[in-house]
Amino acid sequence: MKQSKRFFMIPYFIWIGLFVIAPLVLILYQSLTNTQHQFTLQNYATYGTSTTYLHMSLNSLWYAFLITAITLLISYPAAYFLSKLKHQQLWLLLIILPTWINLLLKAYAFIGLLSRTGSVNQFLTFVGIGPQQLLFSDASFLLVATYIEIPFMILPIYNAIVELNPALINASRDLGATNWQTFRRVIFPLTISGVKAGVQAVFIPSLSLFMLTRLIGGNRVITLGTAIEEHFMTTMNWGMGSTIGVVLIVMMFIIMALTNDRRKKRREVNDDEEN
Amino acid sequence: MAAPIIELQGITKTYDDGFTALSNINMTIEPGKFYSLLGPSGSGKTTILRLIAGFTNASSGAILFEGQKINDLPANQRKVNTVFQNYALFPHLDVFENVAFGLNLQKRPKAEIKKRVLDALKLVQLPGYANREISELSGGQQQRVAIARAIVNEPKVLLLDEPLSALDMKLRQDMQYELRELQQRLKITFIFVTHDQEEALAMSDEIFVVNDGKILQSGTPVDIYDEPINHFVANFIGESNILPGEMLADYQVEFVGKTFECADAGMKPNEKVEVVLRPEDLDVTTAEQGKLVVTVDTQLFRGDHFEIIGIDDDGNEWLIHSTNPVRGGKHIGLTFEPEDIHVMRFGEKEADFDARLEQYEED
Amino acid sequence: MKKIKFSSVYLVLVFIILYIPIFYLIFYSFNQGGNMNHFTGFTWAHYQELFSDKRMLVIVLDTFLIAILSSLFATIIGTFGALGIAGRKSQRTKSALLTLNNVLMVSPDVIIGASFLILFSALGIGLGFGSVLLSHIAFSIPIVVLLVLPKVNELDPALLNAAQDLGATNWQTFSRVIVPYITPGIFSGFFMAFTYSLDDFAVTFFVTGNGFTTLSVEIYSRARQGISLEINALSAVMFLFSLLLVVGYYFVNRYSHSRRQKQRRHAKSEVTLS
């Protein structure tokens, strides 16, 4: 059995080697070469000294932060209210359904909605504000990115809220806490793991939404993802593209380290002590 | 004595981390009998069962099935079947499919499978449940399906791993009767693992008391109850008053500062021993007539008897089962017969113990 | 009472925001006018245009072929991967394997796309159908593992012992106990892999050459050129398809559940009749 099991696992291990480890090694290796395939640290030097790159990175981080914050602000109450509804499975399905519509189609819808003569501007004209340049602005990028990420934030938070033992809320009320106190001292701390999972699910992709910056942001917003895409697909400077890629990977690990469940770690430590 | 169906010879089981689960286990299992492996959790009793079933391997020693060594025979080729602790019924199959699982693997004809499955369900008193889902059954019904699934394959030995532990008290007692009856009807060997001494005493032809990976004592329920080999067995099986004592001579033992006549012999003069007095062997009488005098401390009504705790002048606690109540704070006398006193030697091996008992019982 | 109202209003708003762009697209797919601004009259013309667009139909077929093939391979490889991970005794090996498994789950699409592009060029694999298929298999495997693994972990080892005890060989234990037990996990794994593949844009964008295109990439390049109501029609069709998928998935789940119920009722009536 053991041998046959090993045999069946071979494709999986090949996958790990070829599509998990090798790409990471290759992107690191590529970042250390120039266009003439020579070993060099030049890309990192360029990145570290160029105000354009640093500014772009900070900008990308800032936008990712904004997208995450706005999404969280909208999603937490939505998830909370959702958990109080009847027929939750149906409503949940309705939250998930838009995520199955191709992202490009949703972006395309906003091109129509936000265009100079689009419905939003018609509405603005109607209420007397007059048409505005909506498309190809920072705000439109934020709006569309937030729109796309909302379901990915609602779901983990919803799951965390549903897992919450209702007896704890009753206990808190029983001990004299008001609704707000119960929320602040019991519900929120216990659902923070869902928030962290949501932040992870939203923040990292937000660093790399290059198609939105192209279609909606009109190249006014440049994210790390946009820069990578440009270096790989347009200027063909794979070395520099990989360097930015490595920066993005490092940021990803930082975010994951920050949002990893601390409680879990503490539990592991306790286990060790018991053993 | 019939030829043994299963023999364990010098079985030792050591895990990779150095933990010894079983050391030098020797057992002889005869066909058609009901055996219990009785011991506290972690004693190794389930490991013995898993060895016989083939789910785990012995580090050394031999397992014989009808005289053939089966150490390396995989579980699916052994002529034993198991009733698992939490039943291990396949949740994706219904009752019929669960019971038919083994027969389907043997590629029996459809009609035969149907007949045998329905017969087995009838035998465990679940006729008409064939097409139920497992999740729809109560614990007791799942238990019966698990038994049917095992016996439908007509094993020569049925292994039962604490099968009653998940049931409530009343159901457990009913199942004890049923299992015993089933075993007598099928005339196959049952090896029953339990930590419940009452269960073992009620059902078994023979009990193996297991602790710390060793078999401490084996014998009929009456033998083990009446003549526990040591402190552990006396304590684990039934309730006991266990006191330090000294064997003055054959049939004469001293404890709590008094000398009593007893039924034990074959020990060294003045050997330090332990003395067991079962609570139901102690009779309450007046303080003047008692061989011992205790002061009643607490008394609980247990339904069929009163459980009295008395304290003697030396401060020893005495557990007494009495059909009549006594008042607290009162001095009472306790009497008992010489054969009610069970004397245990320290560190006596089972073989020596049996030999000694045989020797003076012949007198 | 007031609070309930607020929460309902809030949720309704969220749902409206989530669905406005989608229905907006679908609505204008029936517009006689050529844009998404003024609805001038009802027409099926854009759908006719879509269904007679040979290039688009080939792309749709290619997209589905990639989705089906990649999710099939990913499901097989991922299921064995999950079984293998669960079978590891050492906790450290397990978590190391899981970490490696999850790398592609948390990596941004751009990184996956770029690094796969480097990989394919390093291996000398030409860009096109093959590279896209390989990439889709690769990024779908971890989600299959993550969906199958809980079912494998849930599997009581006593069930495997029970199968052996009843005479099952290793293969029979695998096919008759393990696989049926973890089937719901395999099923959702396949399903998720399928939707991942249909949805993907960024990775495909990097690893597809000039000769091969999927729907997402095609929409991207057309959207960059501006509004075309043929895309609206396409999005309406895709929305309908997603809806069908959801409903189908829901009913398949329900069906496998109710099939047993029905059997039981049938059996019951048999018993009462006899």
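A contact here means heavy atoms within 4.5 Å. Keep that in mind and select chain A: among its contacts between residues at least 6 apart in sequence, 68% join residues at least 24 apart.

Before moving on, note that this is a predicted model, where local features need pLDDT of at least 70, side-chain atom pairs count only at pLDDT 80 or more, and totals for chains, interfaces and linings use all residues. Residues are numbered from 1 along each chain as its sequence is written, chains are lettered from A in the order in which they are written, and side-chain values use heavy atoms, leaving out hydrogens and water.

Stay on chain A and switch to cartoon view. You'll find 13 helices and 0 strands (DSSP runs, numbered from the N terminus: H or I of at least four residues for helices, E of at least two for strands). Of its 275 residues, 49% count as buried (under 20% relative accessible area with a 1.4 Å probe, protein chains only; exposed is over 50%, partly exposed in between).

Next, pick helix 1 of chain A, residues 2-31. Click Phe7(A), which sits in this helix and counts as exposed because its relative accessibility is 55%.

Now hop to chain B and select helix 7 (221-226) and helix 9 (350-362), which each supply at least two residues of a negative patch. Helix 9 of chain B gives the most, with 3 residues. Finish on Asp354(B), found in helix 9 of chain B: at 35% relative accessibility, Asp354(B) counts as partly exposed.
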